[in-house]
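Please look through the sequence and the model before reading on.

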Amino acid sequence: MDYYRKHAVVILAMLCVFLHILHSFPDEEFTMHVCPECKLKENKYFSKLGAPIYQCMGCCFSRAYPTPARSKKTMLVPKNITSEASCCVARAFTKVRVTGSVKVENHTACHCSTCYYHKS
């Protein structure tokens, strides 16, 4: 009987330690951050009553694949994995004057495409 009691105490102590560690983290640590899809959202900073400004916001996912051998030979620093990033960008937009001489792009359609900062 004492044999089982010792095991029960050890298991209970381990469970208490695990629960203490679990509750010591903020709630955000274990929640999955879901990124919204790429779509138009109102820009609250530039929008005025009756004249909303929309901009593309959200996530697009990247893909990775093994680097082809012929491409590896031309790299300064050869890498085994090549990745392509895609960003949420405007498919169509109009230029709008908001205050004085400040012009912004009012997006009218969005899609996932090659990131501008990756193009050369």
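Is Ala85 buried, partly exposed or exposed? Ala85 counts as partly exposed because its relative accessibility is 23%; buried means under 20% relative accessible area, exposed over 50%, and partly exposed in between, with a 1.4 Å probe and protein chains only. The model is predicted: local features need pLDDT of at least 70, side-chain atom pairs count only at pLDDT 80 or more, and totals for chains, interfaces and linings use all residues. Residues are numbered from 1 along each chain as its sequence is written, and side-chain values use heavy atoms, with hydrogens and water left out.

**Surroundings of Ala85**

- Ala85 lies in the loop between β4 (81-84) and β5 (86-99); helices (H or I, at least four residues) and strands (E, at least two) are DSSP runs, numbered from the N terminus.
- Ala85 and Thr114 are 29 residues apart along the chain, and their C-alpha atoms are separated by 6.3 Å.

**Disulfide of Cys38 and Cys88**

- Three disulfides are found in a search of the whole structure, a disulfide being a pair of cysteine sulfur atoms within 2.5 Å.
- One of them joins Cys38 to Cys88, with an S to S distance of 2.1 Å.
- This pair links distant parts of the chain, 50 residues apart: Cys38 is in the loop between α1 (2-24) and β1 (39-42), and Cys88 is in strand β5.
- The link of Cys38 and Cys88 is right-handed, with 80° about the S-S bond.
- Both Cys38 and Cys88 are buried.

**Disulfide of Cys56 and Cys110**

- The sulfur atoms of Cys56 and Cys110 are 2.0 Å apart and form a disulfide.
- Distant parts of the chain are linked here, with Cys56 in strand β2 (residues 54-57) and Cys110 in strand β6 (residues 102-114), 54 residues apart.
- The link of Cys56 and Cys110 is left-handed, with -95° about the S-S bond.
- Cys56 counts as buried because its relative accessibility is 12%, and Cys110 counts as buried because its value is 18%.

**Disulfide of Cys60 and Cys112**

- Cys60 and Cys112 form a disulfide, with their sulfur atoms 2.0 Å apart.
- This pair links distant parts of the chain, 52 residues apart: Cys60 is in the loop between β2 and β3 (63-66), and Cys112 is in strand β6.
- The torsion about the S-S bond of Cys60 and Cys112 is about -80°, so this disulfide is left-handed.
- Cys60 counts as buried because its relative accessibility is 13%, whereas Cys112, at 42%, counts as partly exposed.
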